[in-house]
Amino acid sequence: MKKFSVKTIVAIGIGAALFFVLGRFVAIPSPVPNTSISVQYGLLAFLSVVYGPLAGALVGLIGHTLIDFSNGWGIWWSWIIASGVFGLLMGLAAKVLKMNEAEIGKKGLIKFNIAQVVCHLVCWMVIAPVLDVYMMGEPWDKLIAQGLMSGIANAVTTAIVGSLLCVAYAATKTKAGSLTKE
Amino acid sequence: MTNLFNYIDRPSPIHRLTGASKLVCLIAWSVAAMTSFYTPLLVALTVAALVLFRVAKLRAKDISFMLGIMIVYIALNNVLIFLFSPNHGTELYGSRTVLIPLPGRYDITAEQLFYHLNVILKNACTIPIVLLFICTTNPSEFAASLNRIGVSYRVSYAVALALRYIPDVQREYHDISLAQQARGTEMSKKASLINRLKAASSILIPLILSSMDRIETISNAMELRGFGKEKKRTWYSARPFSKADIAGMVVCLLLVVLSLLLTYLNGGRYYNPFMK
Amino acid sequence: MKKEPIISFENFGFQYTAQAEPTLYDINLTIHKGEKVLIAGPSGCGKSTLAHCINGLIPNSYPGKTTGRLTIGGKDALKLDLFGLSKIVGTVLQDSDGQFIGLTVAEDIAFALENDCIPTKEMHEQVEKIAELVDVKGVLGHAPHEISGGQKQRVGLGGVMVGKVDVLLFDEPLANLDPATGKQAIVLIDEIQKRTGCAVIIIEHRVEDVLYRPVDRVVLMGDGRVLYDGGPDELLCQDLLPRNGIREPLYVTALKYAGVTLTPDMRPSYLPELKLSEEQKRQVHTWFSQQPQAPRPPLGDVLLNAENIDFTYAGGHHALKGISAIVHKGEMLSIVGTNGAGKSTFSKVICGFEKPQSGVLELNGIDLSTLSIKERADHIGYVMQNPNQMISKTQIFDEVALGLRNRGVSEEEIRPRVEEALKICGLYPFRNWPVSALSYGQKKRVTIASILVLKPEMILLDEPTAGQDLKHYTEIMDFLSELNRQGVTVVLITHDMHLMLEYTPRAVVFNAGQVIADKSAAEVLNSPEIVEAAHLKETSLYHLSALCGIDDPEEFTRRFIARDREVRV
């Protein structure tokens, strides 16, 4: 494995801390009773684009493991791995599609959203259920329904939160030289 | 805020084990429980987990909150399974013993109940071990332990950084969210879902962008103090393995072997009491 | 005996890759072993860049072009990597939360040792020793958020001292500390230097606070050049500091106003040893009696009335113990006190972020407890310390309009209101710019504009000038005074003694959840008991008036401030 720069290490640590805080404490009520929306996947998609696939994978793995540690429901390796894979895939997609996070335009946003929807479907409809079937022996029907629910919910939050983050980040990179006072 | 992970500092034989050996045990135990559906083994593991709880001097009230979440979670999970696949047990065990006939496909069968018992046992034998690990391991030892079991020290330190900055991020989130609410940002049920997400973004954007500024400061601080120079590093909170550590790890690794062996001898993952 | 040099710049220059102009020009500067040097200068003068060159972040983390030579510890510094340099120079950063990397105090001190692969057992012994030296032994197992700002800085110092470095470099060590803690930090730095014999470099624009303990040399920088390099006494006899946007020690300015000619042998850089002749003391006396009596502004009607506010956090921390205070209409008021004294909690209670368990809170006679956070914000605007934490839109116009849009105001009404707020804040020419193109001070104004647009009767600002140099400080504060003159009531939460003296006629002092004083700022700073209890710092004017036998230090302070404002306008 290639050696991470210190900056990437810090980005993974801070990214995981953000992922944790958003996942654990930011509960936005969802239409379905007793469930809340996970805004952290919008963050994860954004960080993976900026810091690359390995950083994205580790933010997802570490952040999700800490959330499971802190809640009482045990560690769900299948879902943790799916979070890590989501970060990995988004980072790879950003490279393959040549997304430039510093000046993301309409085209960039479309790429970002296509990539995130595909990655979410792969993670929650394929990876998480397959692992759950193998590890926990749970029935397919239930897992697919669950995966579909979370896949859609996560894709919607990523579309809004992730896109807004990308736009805001790109705006911070604007050069002052191109502006005039009116 | 100070104790997000519920570490309870109370001397016991389990507390005395090093974080690294407990981490190995946790992983081995989880693997053993996950690979197997051999019911007697699951029962044995559950009983053992509860015994270890006593050894660690943990009391029910220490973890009552987490225990509550766990019970609700297990219950919900089982309800969902039953709703979606009421005949999963029948398919698995290849027989059908109806106990209570119900309309549609929702007959309650002995096979389905036995399958549910297995699912509950699988949760019941791993969740206590996770709680045990969290309650008896000082978070300071997490990173050192990961490094000890072979994770690169750079990645291990990312874990330590996450733990270090969670309280800071949390406080910042809280402050930003209050200032946004004062300006009229609405996150409660009064707003539509899309507006709620947009509102959340108005808090997340300043939070995340200012955190990204912080990344540079921290990485400078770390490099100025020599992080990343050597191929390895030592840890202030690392402790040498004792005999108990080694014994614990050996036992847990044997559990994995046992679990695999039972699956092999059983000729399948599922222990089947219905087969005559 | 000539001292051995440890750092020497020869005709040194530096230009960041991304910038069109060099940041440092032709620097010639030598720092010797065991010396204590203060490097002062306004923001943007190149002093931080100089520090980056010394600790190796330049060129290792910030690339650019260098000219000339830089020798550190007898080696060519530009060829040393960060790690090589970190063995010679230990840096304590300004941001103490960024500096504090470990999960606990002990782990943070051990951080450099861990990176050096020191065996764990030996590490424990060394950490113990260092902890004793910087006096944090009692909190070794504590997490960073469980200790005070002063302790955090001690840990930061301990963390670089374990490396047995020859040079200790402090980047703005006073920026985040309350006045009394800052004083202790300067004392600690002085003691550590005496004990270890390290060279100490302090980068700071608060010259008076650093001079609380003597320094060997002051280097003044401006526009990327060294403007002065010599003894502190000689520097204070000239007017180089104020000319370059740095505040001189107040007593020095006062002496100059009084017409006293300063000479180096009077020791003007170290107040306890300042020597004044009888003639000079008379000069100060005469000046004092000739200055007109400072005006005391009349108080308006009651705007905000807080009575017996009591508040305990969910965790059991009793933060406010029966607070009573009044804010008058049209007033500019400061709330001061140590971290944890209850100032911030009180402002949260006023804004409705926290609900007090008992007490009355009224605005214009209306009970605030019936209003939601959002409704209160129509009357009381709250501005956070760090503008980056408030700004959530990318365009300036949208950011200022956010509060109105959230309140469902129509777009036709929004435009003129936003433009008016932008005009008041001097941002109208930038209205179509992205926020990111603005400076820190301008961003601060955007956040104030975004609050003003809701037309509150009162605005509450948390540390509005933290980390700003004299120029930006004056800019922000003059802007706030102007707002105040236009009728907005302004309440400031601050650590800055000078801000409170110069701009706010009245100060409410918090300590341990109680109000211990509610008087004029000059009175507060001239009463040693309040100063001591609230972790403030007496102004040096108090000592000067005592030295000259003036028995009304408060009035002396007031007249000095009135005169100083005339001079600076």
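In the predicted model, strand β1 of chain C, residues 5–16, is joined to β2(C) by six bridges. The two strands run antiparallel. Within this pairing, F9(C) stands opposite L29(C), a residue of β2(C). Both strands belong to an open sheet of four strands in chain C. The strand order is β2-β1-β4-β5, and the pairing is antiparallel. The edges are formed by β2 (24–32) and β5 (75–76) of chain C. Each of these edge strands pairs on one side only.

Chain C is divided by the domain assignment into domain 1 (5–239), domain 2 (249–290 + 539–569) and domain 3 (302–538). The C-alpha centres of domain 2 and domain 3 of chain C are 33 Å apart. Eight residues from domain 2 of chain C and eight residues from domain 3 of chain C make up the contact. On the domain 2 side, helix α24 of chain C (residues 553–568) gives the most, with six residues. By class, the residues of domain 2 of chain C that face domain 3 of chain C comprise three nonpolar, two polar and three charged.

One residue of chain C, H495(C), was examined individually. H495(C) sits in the loop between β18 (489–493) and α20 (497–503) of chain C. H495(C) counts as buried because it has 27 C-beta neighbours inside 10 Å, and the cut-off for that class is 20 or more. Leaving aside residues up to four places away in sequence, H495(C) touches D178(C), P179(C) and E463(C). K329(C) lies 166 residues from H495(C) in sequence. In space, the C-alpha atoms of H495(C) and K329(C) are 23 Å apart.

Chain A has 182 residues, of which 58% count as buried. Its secondary structure consists of six helices and two strands. From the N terminus on, the elements of chain A follow the order α-β-β-α-α-α-α-α. Among contacts in chain A with a separation of 6 or more, 70% link residues 24 or more positions apart.

Chain A also meets chain B. The contact involves 48 residues of chain A and 57 residues of chain B. On the chain A side, at least two residues each come from α1 (6–25), β1 (28–29), α3 (53–70), α5 (106–136) and α6 (140–172). Helix α1(A) gives the most to this side, with 14 residues. The side of chain A that touches chain B holds 36 nonpolar, eight polar and four charged residues.

Confidence values were taken from the predictor. The complex has an ipTM of 0.89 and a pTM of 0.90. For chain C, the mean pLDDT is 90. In that chain, 99% of the residues reach a pLDDT of 70 or more.

Notes. Residues are numbered from 1 along each chain as its sequence is written. Chains are lettered from A and ligands numbered from 1 in the order in which they are written. This is a predicted model: local features need pLDDT of at least 70, side-chain atom pairs count only at pLDDT 80 or more; totals for chains, interfaces and linings use all residues. Two residues are in contact if their C-beta atoms, placed from the backbone, lie within 7 Å. Ala, Val, Leu, Ile, Met, Phe, Trp, Tyr, Cys and Pro count as nonpolar, Asp, Glu, Lys and Arg as charged, and the others, Gly among them, as polar. pLDDT is the predictor's confidence in each residue, from 0 to 100. A residue is buried if 20 or more other C-beta atoms lie within 10 Å of its own, exposed if 12 or fewer, and partly exposed in between; C-beta atoms are placed from the backbone. Two strands pair if DSSP finds at least two bridges between them. Domain bounds come from an automatic or database domain assignment.
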